[in-house]
Amino acid sequence: MPDYSTTTANIPEASPRTLVPDKTKTDATDRDAANPTEMAGEHIEAPVNEVIALYLEAFPDALGRVTDAGGLNVTVGAGGFYETDGSLTDWSKDASYALTDNATNYVYVNSSGTIAHSTSAFPAECVPLAVVVTSGGDISSVTDKRRPYYLLLESSIDHGSLSGLGDDDHSIYTKADGTRAFTGTQSFGDQDVTDVLSIAFQTSTELTIADGVVTATQGVHRIDTQDAAASDDLDTINGGSDGKWLLVRAEHADRT
């Protein structure tokens with residue numbers, strides 16, 4: 001590893017900046033804040049943004065900066081991001097990443113740490129880097145889409161403030177209003193079911209006796225005699241198992 005102990009870093013001079021929060025608060029507001037943690041988060045946001053913005057300016061190839069490399073190629077700087085489990089995913093610098101001609105290219109890093117691009121939009125889960133417009137085999141413009149990400153204090157997030165809570169986009173879950181029916185056999189295991197107001201079975205269907213046999217396919221059936229005879233014997237009911245309920249009644253009052 002090189003010895004940097006005597007090296008002087010020459011960081012490009014940036015325009016004057018002050019680390020003043022975007023969301024200023026008066027002393028009275030700060031003292032009376034109902035949620036001090038949330039107030040702290042708002043004060044932290046701007047300084048962290050400023051620090052990262054200075055870093056991006058001082059080290060132009062860092063954190064995935066996209067620059068014109070000639071023709072339809074761009075150079076994409078190295079970078080990395082943290083996964084939700086705390087692990088770090090890195091991507092390497094690409095000095096000659098090829099784009100699509102005559103298109104608006106959305107350059108990003110996907111969730112596996114691979115540099116990619118789309119000609120329609122940034123995907124839902126990605127690290128946006130730049131929007132690059134190409135025409136006639138050359139690059140017309142490069143718009144930096146990197147963000148000076150700020151710290152987010154989880155303790156300041158209220159569940160009711162999250163967007164999309166009312167979206168019904170998880171069909172594997174039941175709904176509290178009962179409008180999504182179960183599609184398979186449900187089991188409560190060894191748990192008791194108490195204080196049941198009513199049980200609504202499916203509408204009964206008719207079963208006709210054939211040689212003394214019917215086969216149940218649900219919990220409620222109407223039974224009719226073979227060939228609509230005045231009377232018939234029902235000897236066997238198939239289709240059940242130990243513990244299941246089966247309700248049956250006569251299909252017609254004139255047939256026994």
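Val214 is buried, at 3% relative accessibility, where buried means under 20% relative accessible area, exposed over 50% and partly exposed in between (1.4 Å probe, protein chains only). The model is a predicted one, in which local features need pLDDT of at least 70 and side-chain atom pairs count only at pLDDT 80 or more, while totals for chains, interfaces and linings use all residues. Residues are numbered from 1 along each chain as its sequence is written, and side-chain values use heavy atoms, with hydrogens and water left out.

**Surroundings of Val214**

Val214 belongs to strand 11 (residues 213–215); helices (H or I, at least four residues) and strands (E, at least two) are DSSP runs, numbered from the N terminus. Leaving aside residues up to four places away in sequence, Val214 touches Leu207, Thr208, Ile209, Ile223, Leu234, Thr236, Ile237 and Asn238, a contact being heavy atoms within 4.5 Å. The C-alpha atoms of Val214 and Asp235 are 8.6 Å apart in space, and these two residues are 21 apart in sequence.

**Overall composition**

The protein contains two helices and 14 strands. Of its 256 residues, 21% are buried. Among contacts with a separation of 6 or more, 42% are between residues 24 or more positions apart.

**Nonpolar core and its strands**

In soluble globular proteins, nonpolar side chains tend to be buried together. A nonpolar core is here a set of buried Ala, Val, Leu, Ile, Met, Phe, Trp, Tyr and Cys residues joined through side-chain atoms within 4.5 Å. The largest nonpolar core has 17 residues, of which Val66, Val74, Val76, Trp91, Val107, Leu129 and Val132 touch the most other members. At least two residues of this core come from each of strand 2 (73–76), strand 6 (104–110), strand 7 (115–118) and strand 8 (126–135). Strand 8 contributes the most, with four residues. Val66 is in contact with Val74, Thr75, Val76, Val107, Leu129, Ala130, Val132 and Val142, residues up to four places away in sequence not being counted.

Strands 6 and 8 pair in the antiparallel sense through seven bridges, two strands being paired if DSSP finds at least two bridges between them. Opposite Val109 stands Val127 in strand 8. Strand 6 also runs antiparallel to strand 7, to which four bridges join it. Tyr108 has Ala116 of strand 7 as its bridge partner. The hairpin of strand 6 and strand 7 has four residues between the strands, and within this hairpin Gly113 takes a positive phi near 85°.

**Salt bridges**

Three salt bridges are present in the structure, each defined as a side-chain nitrogen of Lys or Arg within 4 Å of a carboxyl oxygen of Asp or Glu. The pairs are listed below.

| Pair | N to O distance |
|---|---|
| Arg146 and Asp144 | 2.7 Å |
| Arg222 and Glu251 | 2.6 Å |
| Asp224 and Arg255 | 2.8 Å |

Arg222 and Glu251 form a salt bridge. Because Arg222 lies in strand 12 (residues 220–224) and Glu251 in the segment after strand 14 (247–250), this pair ties together parts that are 29 residues apart in sequence. Arg222 is buried, with a relative accessible area of 18%, whereas Glu251 is partly exposed at 25%.

The salt bridge of Asp224 and Arg255 likewise links distant parts of the chain, with Asp224 in strand 12 and Arg255 in the segment after strand 14, 31 residues apart. Asp224 is buried, with a relative accessible area of 9%, and Arg255 is partly exposed at 22%.

In the remaining pair, Arg146 is buried, with a relative accessible area of 11%, while Asp144 is partly exposed at 38% relative accessibility.

**Nonpolar surface patch**

Phe188, Val193, Val196, Ile199, Phe201, Trp245 and Leu247 make a nonpolar surface patch of about 760 Å². Patches consist of residues with over 30% relative accessible area and no salt bridge, like charges being joined within 9 Å and nonpolar side chains (Val, Leu, Ile, Met, Phe, Trp, Tyr) within 5 Å. Trp245 is placed in the loop between strand 13 (236–238) and strand 14, and Trp245 is exposed, with a relative accessible area of 60%.

Methods: Accessible areas come from the Shrake-Rupley method with a 1.4 Å probe; for residues, only the protein chains shown count as cover.
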